[in-house]
Amino acid sequence: MVMEFKPDKPIYQQLIDKISSEIIRGDRLAGDKLPSVREFAVETGVNANTMQRVYREMEYLGIVETKRGQGTFVTENLERLQKLRMEMKQQYIEAFVQDMGKLGFTVDEMVEGLSQYQGEREENDD
Amino acid sequence: MIELQHVSKKYLSNKALDDIDIHFSKGKIIGVIGENGSGKSTMLKLMAGLLQPTYGEVLVDEKRADRKISTKVAYMSDIDQFYPFFTVNQLVEFYESQFSDFQTKKAGDILDFMDIEGAEKIKHLSKGNRGRVKMAVTLARNAPYILLDEPFSGLDPMVRTSLVQGVIQYIDLQSQTLIITTHEINEIEALLDEVIVLREGKILGQQSTENIRIKYQMNVVDWMKKLYEGGSGYE
């Protein structure tokens, strides 16, 4: 499936986010081999130069490791992956708080709203 | 690198290109975009050595682009120019006889990738499959520069996707550079490293596609519209 991209963020960044999400969800596990740059580029419909950059940046961030002649793998450094999970959480919270802040909600209102929302969801699940 | 230095091209009184100064660097996929009649095809034909500039110079790796430049430049026209009575295999053999850099095995691989039968006659192929065959024999050349004139035009989205994937699979950006003119910008935006916007024979802007997103939070189509509206600061 060729991917769709949002206009407000570079494509390489959106691909890093996508792969990071897959790692956090457990779709890709520590030590898993990633597709080759070209395979991944064809699959997502992205220029191979862009995909090369995705792998380079993720390696720089310590999320993946390239082993000579073998390919690119999700890091087995679990501490790093735990940190990635927290970074992702932080990123979503920042976006949420910023959007809600623009609408005039205070952080207290957000917290209250979140726990109320969670309560309603649990009730509906019963 | 391909360079256009103060290039103008006139057809009788009509100026197709007007004092263009630009270069295309190696190892990239570059899109040339703009409305009909903006000079895109003329620019490509000049780089392929099929036309000569009225003024200025077109240089491919520092050599003037004339008919002989076809050893370095693979050019795919926007019109169907194949003998309809050929089979796909005969067309491949024909290309092999015409271009010393033609890779017969690679042509077979690309045709397989695109699900084309070699024994099929060209005239019996659908429009989409003719587009695929045309792309396959062009990409099978080991030329340092590959120029595609409107490769997606008039084809349905499925065919366009398979052509894009064929390009990604079979272009080697370590040794090749690809220049594409196109109207179908949205669908191939992720394929492009860089875009050049033309209007009435002049260049309105040249940018890396990722920079457009970073600087203006826009995709290429919206950026092009801003340029066409005369928005300054977007070049």
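**Figure 1. Helix α7 of chain B and its buried residues.** In this predicted model, helix α7 of chain B covers residues 209-216. Its buried residues are B:T209, B:E210, B:I212, B:R213 and B:Y216. After α7(B) comes B:Q217. The phi of B:Q217 is positive, near 50°.

**Figure 2. Where chain A meets chain B.** Here 19 residues of chain A are in contact with 23 residues of chain B. The area buried between the two chains is about 1,600 Å². Carbon and sulfur atoms give 54% of that area. Look for A:R38, A:V42 and A:N47. They supply 34% of the area that chain A buries against chain B, more than any other three residues.

**Figure 3. Polar contacts across the interface of chains A and B.** What does the rule find in the way of salt bridges across this interface? The number of salt bridges is 0. Polar contacts are another matter: 14 residue pairs are in polar contact between chain A and chain B, with both residues at pLDDT 80 or more.

**Figure 4. The side of chain A that touches chain B.** Three helices of chain A each supply at least two residues of this side: α1 (11-25), α2 (37-44) and α3 (48-60). Which helix gives the most? It is α2(A), with 4 residues. By class, this side of chain A has 9 nonpolar, 5 polar and 5 charged residues.

**Figure 5. Strand β3 of chain B, mostly covered.** Strand β3 of chain B spans residues 29-33. Of its 5 residues, 5 are buried. In a regular strand the side chains alternate between the two faces of the sheet. In β3(B), B:I29, B:G31 and B:I33 point one way. B:I30 and B:V32 point the other way. Residues on both sides are buried.

**Figure 6. The strands that pair with β3 of chain B.** Which way does strand β8 of chain B (residues 177-181) run beside β3(B), parallel or antiparallel? The two strands pair in the parallel sense, over 4 bridges. One bridge partner to find is B:I180 in β8(B), which pairs with B:G31. β3(B) is also joined to β9(B) by 4 bridges, and these strands run parallel. In β9(B), B:V197 is the bridge partner of B:I33.

Note on methods: Residues are numbered from 1 along each chain as its sequence is written. Chains are lettered from A and ligands numbered from 1 in the order in which they are written. This is a predicted model: local features need pLDDT of at least 70, side-chain atom pairs count only at pLDDT 80 or more; totals for chains, interfaces and linings use all residues. Side-chain values use heavy atoms; hydrogens and water are left out. Contact means heavy atoms within 4.5 Å. Buried area is the accessible area (1.4 Å probe) that two parts lose on being put together, summed over both. A salt bridge is a side-chain nitrogen of Lys or Arg within 4 Å of a carboxyl oxygen of Asp or Glu. A polar contact is a pair of N or O atoms within 3.5 Å; within protein, one must be able to donate a hydrogen and the other to accept it, and residues adjacent in sequence count only if both atoms are side-chain atoms. Ala, Val, Leu, Ile, Met, Phe, Trp, Tyr, Cys and Pro count as nonpolar, Asp, Glu, Lys and Arg as charged, and the others, Gly among them, as polar. Buried means under 20% relative accessible area, exposed over 50%, partly exposed in between (1.4 Å probe, protein chains only). Two strands pair if DSSP finds at least two bridges between them.
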